[in-house]
Amino acid sequence: MELRHIAMVNWHLFDVEDIAIAGNAGILGENASGKSTVLDMIQVVLTGASRSYLRLNAIAGEGARTRSGSRRSVHGYCLGTLREGEFRRKDAFTYLSLGFADRDGKRPPVSIGLALQASASDSSETVYGRFVAIGRILTTKDFRNFTIDRLTGSAAAPKARRVSAPAKPDTRE
């Protein structure tokens, strides 16, 4: 499986961003253009936003580097931290997805990702869901008009079915 698509909604300075990838890829750009932001997003998805495994970019960050490493945080990325205490968003629902496809087309595509919520009035983000969608590569269009309340309570299961690819009928008796 190869990475084919990156989708970000409300991640740092990216409001809605789809990045298609084909073949080998590099992340190039000027200083402060978002290279570390994209790499950190990939790391957050692959680790499920687990603080035990995260090592966000220690050089770039919101202000100077601290002795313990980066000042960047998932909470800050969700809110779009500009400077200490200054945010692009006061509240954010953030959706992150990585889409993978089989080069030979023998296996169905797969998307993995996270749904998060953050508020400037709280000190940390809330992970509302980690997901795997088999059968399609999700884009930011899949997250439009999608709110966190649909991930909780009785609405979670119907929405999950709509986001994932149609299931094959069970032919077992």
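Visitor: Which residue in β5 stands opposite Met-8?

Guide: Two strands are said to pair if DSSP finds at least two bridges between them, and the strands themselves (E, at least two residues), like the helices (H or I, at least four), are DSSP runs numbered from the N terminus. Here Met-8 stands opposite Leu-96 in β5, within an antiparallel pairing in which seven bridges join β1 to strand β5, residues 91-101. Before going on, note that this is a predicted model, in which local features need pLDDT of at least 70, side-chain atom pairs count only at pLDDT 80 or more, and totals for chains, interfaces and linings use all residues. Residues are numbered from 1 along each chain as its sequence is written, and side-chain values use heavy atoms, with hydrogens and water left out.

Visitor: How many bridges does β1 form with strand β2?

Guide: Six bridges connect β1 with β2 (residues 14-20), again in the antiparallel sense, and one of the residues involved is Ala-7, whose bridge partner in β2 is Asp-18. The hairpin of these strands has two residues between them, and His-12 there takes a positive phi near 55 degrees.

Visitor: Why is β1 described as largely enclosed by the rest of the structure?

Guide: A residue is called buried when its relative accessible area is under 20%, exposed when over 50%, and partly exposed in between, using a 1.4 Å probe and protein chains only. In strand β1, residues 2-11, seven of the ten residues are buried, so the strand is largely enclosed by the rest of the structure.

Visitor: How many aromatic pairs does the structure hold?

Guide: Rings of Phe, Tyr and Trp (its six-membered ring) pair if their centres lie within 6.5 Å, with planes under 30 degrees apart counted as stacked, over 60 as edge-to-face and the rest as tilted. The structure holds three such pairs; among them is the stacked pair of Trp-11 and Tyr-77, at 4.5 Å centre to centre with 15 degrees between the planes. Because Trp-11 lies in strand β1 and Tyr-77 in helix α2 (residues 74-79), this pair ties together parts that are 66 residues apart in sequence. Trp-11 is buried at 0% relative accessible area, and Tyr-77 is likewise buried at 0%. Another stacked pair is formed by Tyr-95 and Phe-143, at 5.3 Å centre to centre and 5 degrees between the planes, linking strand β5 to the loop between β7 (126-134) and α3 (156-163), 48 residues apart. Tyr-95 is buried at 2% and Phe-143 is buried at 7%, while Tyr-95, Phe-131 and Phe-143 form one aromatic cluster.

Visitor: Which side chain meets Arg-88 in a salt bridge?

Guide: Side chains of opposite charge can pair when their charged atoms come close. A salt bridge is counted when a side-chain nitrogen of Lys or Arg is within 4 Å of a carboxyl oxygen of Asp or Glu, and the structure holds nine of them. The partner of Arg-88 is Asp-15, at 2.8 Å from N to O, and the pair links the loop between β4 (86-87) and β5 to strand β2, 73 residues apart. Arg-88 is partly exposed at 41%, and Asp-15 is partly exposed at 36%.

Visitor: Is Asp-142, which forms a salt bridge with Arg-136, buried or exposed?

Guide: At 16% relative accessibility, Asp-142 counts as buried, whereas Arg-136 is partly exposed at 28%; the closest N and O atoms of this salt bridge are 2.5 Å apart. Salt bridges can also join into a network, as they do for Glu-2, Arg-4 and Arg-103.
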